[in-house]
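Student: Could we go through this structure together, starting with how far to trust it and then moving on to the fold?

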Amino acid sequence: MASSPYTTREIENGRLLFKGDWDFRAAADEIGRLPRPQGIEIALAGRSNVGKSSLINALTTRKALARTSHTPGRTQELIFFNNGEKSPVTIVDMPGYGYAEAPKKKVEAWTGLIHDFLRGRANLARVYVLIDSRHGLKPVDTPVFDTLDKAAVSYAIVLTKADQVKPAELEQRMEETAAALAKRPAAFPIILATSSRDGTGIPELRAAVSRLVSERK
Ligand SMILES: Nc1nc2c(ncn2[C@@H]2O[C@H](COP(=O)(O)OP(=O)(O)OP(=O)(O)O)[C@@H](O)[C@H]2O)c(=O)[nH]1
């Protein structure tokens with residue numbers, strides 16, 4: 001695997017940033033119910049079942065902070081987590097998209113909420129779009145990138161479940177993904193491969209968030 005794009009100091013800053021008592025802060029199923037912005041926000045998006053809740057639990061070292069489930073499409077609200085009252089970062093768990101069996105009305109409501117949130121949230125520093133290492137990009141991911149590019153919201157790809165593929169396949173997936181996103185204006189060039197199961201890439205993702213916090217100061 002390629003060497004870490006983050007320095008030892010950034011890894012340590014990331015560790016300190018995520019240390020502490022992460023907890024649920026708020027949930028919103030409509031735009032009028034969003035909590036007051038605090039610090040920067042990073043949002044996690046991805047197809048349902050991609051591993052968002054597991055990644056949140058791994059980042060925050062909380063076993064069941066975000067619900068993990070075997071039922072795709074379970075997360076249907078924007079859910080906000082932070083690390084105490086003065087938390088410099090709020091994590092936003094977004095509803096999973098691309099769940100084929102979801103009722104059309106529900107899908108429209110989620111899509112509206114997500115679009116409103118992405119367009120209007122000034123302290124949203126980056127959206128991490130999660131992609132399953134086994135499957136790579138799918139057509140259903142394209143409208144999400146289009147929306148983020150249009151809204152000029154910085155986004156980065158995080159490959160999940162890296163423990164499920166061989167290193168060569170993972171490398172190939174990273175290259176394919178980088179190539180597919182190279183011309184997209186709001187896409188951040190660093191792609192991280194992670195596993196919530198064995199911890200791969202978790203310190204790097206924390207370091208990435210820590211770098212965002214320091215850039216916003
Ligand atoms: N092997 C492996 N399995 C994982 C990993 N992360 C998540 N999973 C599994 O993938 C399934 C879905 O994980 P979740 O974290 O619930 O996914 P989600 O994206 O939050 O799902 P929705 O709520 O449907 O949007 C669960 O069975 C997890 O145990 C990982 O890093 N490695």
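Tutor: Helices are DSSP runs of H or I with at least four residues, strands are DSSP runs of E with at least two, and both are numbered from the N terminus. This is a predicted model, in which local features need a pLDDT of at least 70 and side-chain atom pairs count only at pLDDT 80 or more, while totals for chains, interfaces and linings use all residues. Residues are numbered from 1 along each chain as its sequence is written.

Student: What is the average pLDDT of the protein, and what ipTM does the predictor give the complex?

Tutor: The average over the protein is 89, with 93% of the residues scoring at least 70, and the predictor gives the complex an ipTM of 0.98 and a pTM of 0.93.

Student: OK, on to the sheet. What order do the strands take?

Tutor: The seven strands form an open sheet in the order β1-β3-β4-β2-β5-β6-β7, and the pairing is mixed. β1 (23-28) and β7 (192-193) stand at the edges with a single partner strand each, so one side of each is left without a neighbour in the sheet. Two strands count as paired if DSSP finds at least two bridges between them.

Student: Which strands are joined to β4, and do they run parallel or antiparallel to it?

Tutor: Strand β2 (residues 40-46) runs parallel to β4 and is joined to it by five bridges, with Ile 42 standing opposite Ile 91. Strand β3 (residues 78-82) runs antiparallel to β4, with four bridges, and there Ile 79 has Asp 93 as its bridge partner. The hairpin of β3 and β4 has six residues between the strands, and Gly 84 in it takes a positive phi near 85°.

Student: And is β4 itself buried or exposed?

Tutor: Five of the five residues of β4 (residues 89-93) are buried, so this strand is largely enclosed by the rest of the structure. A residue is called buried if 20 or more other C-beta atoms lie within 10 Å of its own, exposed if 12 or fewer do, and partly exposed in between, with the C-beta atoms placed from the backbone. Val 89, Ile 91 and Asp 93 point one way from β4, whereas Thr 90 and Val 92 point the other way.

Student: Switching to the core, which residues touch the most other members?

Tutor: Leu 44, Val 129 and Leu 130 do, in the largest nonpolar core, which has 56 residues. Such a core is a set of buried Ala, Val, Leu, Ile, Met, Phe, Trp, Tyr and Cys residues joined through C-beta atoms within 7 Å. β5 gives the most to this core, with seven residues. Leaving aside neighbours within four places in sequence, Leu 44 is in contact with residues including Leu 55, Ile 91, Tyr 128 and Leu 130, where contact means that the C-beta atoms, placed from the backbone, lie within 7 Å.

Student: Where does α5 pack, and which of its residues are buried?

Tutor: In α5, Leu 170, Arg 173, Met 174, Thr 177 and Leu 181 are buried. They cover an arc of only 100° around the axis, which puts them on the same side of α5; the arc is that of the directions from the helix axis to the C-beta atoms. The buried residues pack against β5 (124-132), β6 (155-160) and β7, while Ala 168, Glu 175, Glu 176 and Ala 179 are exposed on the other side of the helix.

Definitions and conventions:
Contact = placed C-beta atoms within 7 Å. pLDDT = per-residue confidence, 0-100.
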